[in-house]
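Me: I would like to learn how to read a protein model feature by feature, beginning with the overall fold and ending with single residues. Could you take me through one, giving the general idea before the particular case?

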Amino acid sequence: MQSAIILAVMVLASIFASAEYLRNSSADTHVYKPFKAENVAANILQYHDQMVQYTLANYESLHLTVSLNPGEIEQINLFDYLDNQIGNYTLKNFLLFMNYSSTVFNYTNDVEGESHPYPSLYLAISWDGYLAQIHGYSNIQIPEAMGRLAHNISKRLYQGNSTFWVVPWVFRQSNCNITEVYSQLPNDTNGINTVSKLQTLFNLFCTQIQNNSDYRFLTYVFIEPVINNPDM
């Protein structure tokens with residue numbers, strides 16, 4: 001009887017130990033996935049912030065004051081993180097997680113009767129995979145991080161510390177067609193969902209940029225207008 005009790009205790013202890021091992025043995029287990037997904041989302045935002053600062057610092061040369069061809073993409077610029085020294089716009093030793101690819105371009109709607117159309121300057125970032133030197137994230141699929149990214153973006157908006165904000169477009173695309181939207185898009189003034197409008201506009205952006213430059217949109221895309229001194 002005593003040996004049976006001892007055996008039962010040993011079995012229970014073994015089961016508990018195995019469960020703890022499975023829970024804590026690897027940094028890639030489900031316990032750590034939310035934290036790693038948050039790290040990926042933060043890396044995307046930090047890269048984006050540096051690109052925004054670079055764009056603002058070079059705003060006069062990147063932004064057209066008057067559109068020469070309304071309805072068409074104008075003055076496309078492609079950027080490389082190292083060649084353009086984007087890292088100078090952060091105080092930390094930033095490690096690129098993704099194969100980020102960035103472009104800045106001008107666009108304005110073709111509005112009938114507008115004699116001096118004023119274009120908007122847009123920043124587009126896209127990526128589709130981790131860089132080779134990033135270790136320990138092989139089990140973190142990019143879609144897992146996109147939900148965290150959308151959450152982090154929403155926390156930035158409507159905080160009451162600015163009279164101006166932009167709502168970025170964050171989505172997944174294939175062949176210039178949006179397949180999934182991650183950012184929260186407000187309805188238009190008529191209360192109509194704007195996803196279909198975004199699809200039309202992105203298809204125009206994507207098609208014209210890829211036809212007129214060496215830039216190719218990767219799977220995951222982050223686009224927003226960059227406006228200089230919005231609160232002035």
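**Reading the fold and its parts**

Reply: Start with the order of elements, which for the protein chain runs, from the N terminus on, α-α-α-β-β-β-α-β-β-α-β. That makes five helices and six strands, and please keep in mind that this is a predicted model.

Me: What share of the 232 residues is buried, and how much accessible surface does the protein chain have?

Reply: Buried residues account for 39% of the 232 residues, while the accessible surface comes to about 13,500 Å², with 53% of it belonging to carbon and sulfur atoms. A further overall figure concerns contacts: among those between residues at least 6 apart in sequence, 72% join residues at least 24 apart.

Me: How should I read a strand, and which strands pair with β6?

Reply: With a strand, look at its partners and then at its two faces. Strand β3 (residues 120–127) pairs with β6 in the antiparallel sense over six bridges, and strand β4 (residues 169–174) also pairs with β6 in the antiparallel sense, over four bridges.

Me: Is strand β6 mostly covered or mostly open?

Reply: Strand β6 (residues 220–225) is mostly covered, with six of its six residues buried. Tyr220, Phe222 and Glu224 point one way from β6, whereas Val221, Ile223 and Pro225 point the other way, and all are buried.

Me: Which residues touch the most other members of the largest nonpolar core?

Reply: That core has 38 residues, and Tyr100, Trp127, Leu149 and Phe222 touch the most other members. At least two residues each come from α2 (33–57), α3 (59–62), β3, α4 (142–156) and β6, and α2 gives the most, with nine residues. Apart from this core lies another, of 20 residues, including Trp169, Cys176, Leu185 and Phe205.

Me: What does tryptophan 127 contact, leaving aside its neighbours within four places in sequence?

Reply: Tryptophan 127 is in contact with Ile44, Met98, Asn99, Tyr100, Ile142, Met146, Leu149, Leu218, Thr219, Tyr220 and Phe222, once those neighbours are left aside.

Me: How do I read a helix, and which residues of α5 are buried?

Reply: An α-helix has 3.6 residues a turn, so residues three or four places apart point the same way. In α5 the buried residues are Leu198, Leu201, Phe202, Phe205, Cys206, Gln208, Ile209 and Gln210, and these pack against β1 (74–79), β2 (101–107), β3, β4, β5 (177–181) and β6. The length can be checked as well: at 1.5 Å a residue, the 18 residues of α5 (residues 195–212) should span 26 Å, and the end C-alpha atoms are 25 Å apart, which agrees.

Me: How is a pair of aromatic rings described, and how many aromatic pairs are there?

Reply: A pair of aromatic rings is described by the distance of the centres and the angle of the planes. The count here comes to 19 aromatic pairs. In one of them, tyrosine 81 and phenylalanine 94 are 6.1 Å apart centre to centre, with 45° between the planes, and the pair is tilted. Both residues lie in the loop between β1 and β2, so the pair ties together parts that are 13 residues apart in sequence. Tyrosine 81 is buried, because its relative accessible area is 13%, under the 20% cut-off, and phenylalanine 94 is buried as well, at 10%.

Me: Which residues form one aromatic cluster?

Reply: Tyr47, Tyr81, Phe94, Tyr100, Trp127, Tyr182 and Tyr220 form one aromatic cluster.

Me: Where is threonine 219 placed, and is threonine 219 buried or partly exposed?

Reply: Threonine 219 sits in the loop between α5 and β6, and is partly exposed, with a relative accessible area of 23%. Not counting residues up to four places away in sequence, threonine 219 touches Trp127, Asp128, Phe171, Arg172 and Gln173. Threonine 219 and glutamine 173 are 46 residues apart in sequence, and their C-alpha atoms are 5.3 Å apart in space.

Terms used
Residues are numbered from 1 along each chain as its sequence is written. This is a predicted model: local features need pLDDT of at least 70, side-chain atom pairs count only at pLDDT 80 or more; totals for chains, interfaces and linings use all residues. Side-chain values use heavy atoms; hydrogens and water are left out. Buried means under 20% relative accessible area, exposed over 50%, partly exposed in between (1.4 Å probe, protein chains only). Contact means heavy atoms within 4.5 Å. Accessible areas come from the Shrake-Rupley method with a 1.4 Å probe; for residues, only the protein chains shown count as cover. Two strands pair if DSSP finds at least two bridges between them. A nonpolar core is a set of buried Ala, Val, Leu, Ile, Met, Phe, Trp, Tyr and Cys residues joined through side-chain atoms within 4.5 Å. The expected span of a helix is 1.5 Å times one less than its number of residues. Rings of Phe, Tyr and Trp (its six-membered ring) pair if their centres lie within 6.5 Å; planes under 30 degrees apart count as stacked, over 60 as edge-to-face and the rest as tilted.
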